[in-house]
Amino acid sequence: QVQLEESGGGLVQPGGSLRLSCTASGRIFGTITMGWYRQAPGKQRELVATITSGGSPNYADSVKSRFTISRDNAQNTVALQMNSLKPEDTAVYYCNARIMVLGVPNNYWGQGTRVTVSS
């Protein structure tokens, strides 16, 4: 099994910053990507950012230039630095790990951490 433990999140004013962290444990050999998705009320879960084991990032257009994803393979952690936050960034953020299991990619999810951007 794979466990993803998230930390960070909370309430911040527009223009502020937050940092999310996620630590993976368990059967994580074969991890393809780690990253973050979010789900706002009444909306579908959407990609925020992912990063490969080699360090190549991928961002949603809505967060480019504001968010930075980083990964520490030795510690099995992924972090998301969020700057210039907007009210529309308000959502539950989920850590994701995509791991190859017997030749098939599997998605694993954390419990989610809430981010609220409001004055």
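Modeller: Happy to! Keep in mind that this is a predicted model.

Biologist: Where does I51 sit in the chain?
Modeller: I51 is part of strand β5.

Biologist: And which residues does I51 touch?
Modeller: Not counting residues up to four places away in sequence, I51 touches I32, T33, M34, S56, P57, I69, S70, R71 and V78. Take T33 as an example: I51 and T33 are 18 residues apart in sequence, while their C-alpha atoms are 5.4 Å apart in space.

Biologist: What about T50, buried or exposed?
Modeller: T50 counts as buried, because its relative accessibility is 10%. T50 is also found in strand β5.

Biologist: Which contacts does T50 make?
Modeller: If we leave aside neighbours within four places in sequence, T50 is in contact with M34, G35, Y37, S56, P57, N58 and I69.

Biologist: Okay, let's zoom out. How many helices and strands are there?
Modeller: The protein chain has 0 helices and 11 strands. Reading from the N terminus, you get β-β-β-β-β-β-β-β-β-β-β.

Biologist: What about the overall size? How does the radius of gyration fit a compact globule?
Modeller: The two agree: a compact globule with 119 residues would have a radius of gyration near 14 Å, and the protein chain has 14 Å. Along its principal axes, the C-alpha trace spans about 45 × 25 × 25 Å.

Biologist: How much of the chain is buried?
Modeller: Buried residues make up 39% of the 119 residues. As for the surface, the protein chain exposes about 6600 Å², and carbon and sulfur atoms supply 47% of that area.

Biologist: What share of the contacts links residues 24 or more positions apart?
Modeller: That share is 54%, counted among contacts with a separation of 6 or more.

Biologist: Now the inside. Which residues touch the most other members of the largest nonpolar core?
Modeller: Those are W36, L80, M82 and Y93, in a core of 30 residues. Two or more core residues come from each of β1 (2-7), β3 (18-26), β4 (31-39), β5 (46-52), β7 (67-72), β8 (77-82), β9 (91-101) and β11 (113-117). The largest share, 5 residues, comes from β9.

Biologist: What does L85 contact?
Modeller: Setting aside neighbours within four places in sequence, L85 is in contact with V12, P14, G15, G16, S17, L18, R66, F67 and V117. For a sense of distance, L85 and N96 are 11 residues apart along the chain, and their C-alpha atoms are separated by 21 Å.

Biologist: And S84, what is its phi?
Modeller: Phi of S84 is near 50 degrees, a positive value in a residue other than glycine. S84 lies in the loop between β8 and β9, and S84 counts as partly exposed at 40% relative accessibility.

Biologist: Which other residue has a positive phi although it is not a glycine?
Modeller: S65 has one, at about 75 degrees. S65 is found in the loop between β6 (57-59) and β7. S65 is exposed, with a relative accessible area of 77%.

Biologist: Last topic: charges. How far apart are the mean positions of the positive and negative ones?
Modeller: The mean positions of the 11 positive and 7 negative charges are 3 Å apart.

Biologist: What about K43, buried or exposed?
Modeller: K43 is exposed, with a relative accessible area of 58%, and K43 is found in the loop between β4 and β5.

Methods
Residues are numbered from 1 along each chain as its sequence is written. This is a predicted model: local features need pLDDT of at least 70, side-chain atom pairs count only at pLDDT 80 or more; totals for chains, interfaces and linings use all residues. Side-chain values use heavy atoms; hydrogens and water are left out. Helices (H or I, at least four residues) and strands (E, at least two) are DSSP runs, numbered from the N terminus. The radius of gyration is taken over C-alpha atoms; the globule rule is 2.2 Å times the number of residues to the power 0.38. Buried means under 20% relative accessible area, exposed over 50%, partly exposed in between (1.4 Å probe, protein chains only). Contact means heavy atoms within 4.5 Å. Accessible areas come from the Shrake-Rupley method with a 1.4 Å probe; for residues, only the protein chains shown count as cover. Lys and Arg count as positive and Asp and Glu as negative; His and the chain ends are not counted. The place of a charge is taken as NZ of Lys, CZ of Arg, CG of Asp or CD of Glu. A nonpolar core is a set of buried Ala, Val, Leu, Ile, Met, Phe, Trp, Tyr and Cys residues joined through side-chain atoms within 4.5 Å.
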